[in-house]
Amino acid sequence: MNPQLSDVPAPSWLGSPIDARPLFAPEQDALMATLRGLAPADWGKEAVPGWAVRDVAAHLLGDFYGRLGRDRDGHAEGPGFRAGETLEAFIHRINQEWVDACRRMSPAALVDTLGLVGGQVARFFETTDPGAPALGVSWAGVDPAPMWLDSARDLTEFWTHRQQIRRATGQGTDLDPRLLSVVLDTFLRALPHTLREVVAPVGTQVQVRVHGPAGGTWAATALAAGTPSRWSLAEPDTGHPAATLHLDEETAWQLCTRGLQPAAALDLARIDGDHRLAVAACQIVSIIY
């Protein structure tokens with residue numbers, strides 16, 4: 001696991017808090033270096049299905065403005081839910097509306113604006129109170145979430161979109177462990193929620209081990225019925241898991257963001273112990289999907 005805050009209250013089953021605050025400035029610097037290094041033809045390459053590199057960059061700008069408006073400036077206006085619309089549908093719709101509107105912006109204008117606004121976002125996160133209530137994190141099953149998890153979630157989103165841009169333009173994943181270790185630690189906070197429907201005897205432990213310089217071991221332990229979560233990352237590691245899912249760093253982050261589907265990730269994984277429990281852990285997803 002990674003450097004964490006030990007004195008900040010949090011839902012106990014999420015594990016110890018993560019301090020992502022110092023990493024927003026390095027992530028912003030890495031984003032700007034990536035974007036400024038693109039060739040004109042790179043901006044039109046597909047980064048994710050339906051979105052080119054320029055669209056992913058525009059989406060990041062929307063994330064930046066949304067965070068500053070909502071949390072720094074107290075700005076309450078913006079699109080609302082349509083009748084019967086789910087959270088996932090709402091998020092996908094407003095993201096697409098923003099990206100469509102930004103297609104009138106040139107790559108140069110996007111880079112300039114991302115540089116200006118992204119620096120403000122990094123400075124905002126540096127000043128946040130990790131224990132304050134914040135936006136819910138649906139894939140971790142907590143609403144409201146503590147700010148430490150909300151902010152760490154945003155770091156993972158910024159990092160993931162940068163990797164999508166890099167991979168679309170032939171650069172490959174940036175595996176710098178300074179950032180990736182915290183990204184993976186945040187993604188794995190989805191493990192208790194992933195296992196929420198899995199029934200197992202109290203004390204059963206399921207481990208996910210990510211191998212590589214940024215990796216680590218995350219252990220979810222089954223709790224008694226009626227607790228806020230059926231599984232917890234906060235329980236002691238017994239050292240005798242019922243199942244262990246072994247992944248490399250590349251497979252782990254792509255699985256959590258659905259760059260890889262669980263079946264494809266399982267082909268690249270190694271399982272020790274109870275196959276059913278390991279397969280259940282491999283359903284993890286750490287984005288709104």
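Two strands count as paired if DSSP finds at least two bridges between them. With that settled, I will start with the sheet. Please keep in mind throughout that this is a predicted model.

Five strands make up an open sheet, and their order across it is S7-S6-S5-S8-S9. The pairing in this sheet is mixed. As a reminder, strands of a sheet pair through backbone hydrogen bonds, either parallel or antiparallel. Which strands stand at the edges? They are S7, residues 231–232, and S9, residues 270–273. Each has a single partner strand, so one side of each is left without a neighbour in the sheet. For S7, the pairing with S6, residues 216–222, is antiparallel and runs over two bridges. Ala 222 stands opposite Trp 231, which is in S7.

Next, the cavities. How many cavities of 30 Å³ or more does a search of the whole structure find? The search finds two.

I take the second largest cavity now, as it involves the sheet. Its space comes to about 50 Å³. The lining includes Leu 188, Val 208, Val 210, Leu 245, Leu 247 and Cys 256. Strand S5 (205–211), strand S8 (243–248) and helix H8 are the elements that give two or more residues to this lining. H8 has the largest share, with three residues. By type, the lining of the second largest cavity has 10 nonpolar residues, no polar and no charged.

The largest cavity has a volume of about 80 Å³. Its lining consists of Phe 24, Glu 27, Gln 28, Leu 31, Leu 60, Phe 64, Gly 118, Val 121, Ala 122 and Phe 158. Three helices each supply at least two of the lining residues: H1 (24–36), H2 (53–72) and H4 (107–126). H1 supplies the largest share, four residues. Here the lining of the largest cavity divides into seven nonpolar residues, two polar and one charged.

Some of those names come back when we look at aromatic rings. Phe 24, Phe 64, Phe 124, Phe 125 and Phe 158 are linked into a cluster by ring pairs. Among these, Phe 24, Phe 64 and Phe 158 also line the largest cavity.

Over the structure, the count of aromatic pairs is seven. One pair I want to pick out is Trp 159 with Trp 253. Why is this pair edge-to-face? The ring centres are 5.1 Å apart and the planes are at 90 degrees, so the pair falls in that class, the cut-off being over 60 degrees. Trp 159 lies in helix H5, residues 147–168, and Trp 253 in helix H8, residues 249–256, so the pair ties together parts that are 94 residues apart in sequence. Are these two residues buried or exposed? Trp 159 counts as buried, at 0% relative accessibility, and Trp 253 counts as buried too, at 3%.

There is also a contact between a charge and a ring. The charged end of Arg 258 sits over the ring of Tyr 289, at 5.7 Å from the ring centre.

Note on methods: Residues are numbered from 1 along each chain as its sequence is written. This is a predicted model: local features need pLDDT of at least 70, side-chain atom pairs count only at pLDDT 80 or more; totals for chains, interfaces and linings use all residues. Side-chain values use heavy atoms; hydrogens and water are left out. Rings of Phe, Tyr and Trp (its six-membered ring) pair if their centres lie within 6.5 Å; planes under 30 degrees apart count as stacked, over 60 as edge-to-face and the rest as tilted. Buried means under 20% relative accessible area, exposed over 50%, partly exposed in between (1.4 Å probe, protein chains only). A charge sits over a ring if NZ of Lys or CZ of Arg is within 6 Å of the ring centre and within 35 degrees of the ring normal. On a 1 Å grid over the protein atoms alone, a cavity is a set of points where a 1.4 Å probe fits but cannot get out, and a pocket is an open set with protein on both sides within 12 Å along at least five of seven lines; lining residues have an atom within 4 Å of a point. Grid points are joined across faces, edges and corners, and a volume is the space filled by probe spheres set on the points. Ala, Val, Leu, Ile, Met, Phe, Trp, Tyr, Cys and Pro count as nonpolar, Asp, Glu, Lys and Arg as charged, and the others, Gly among them, as polar.
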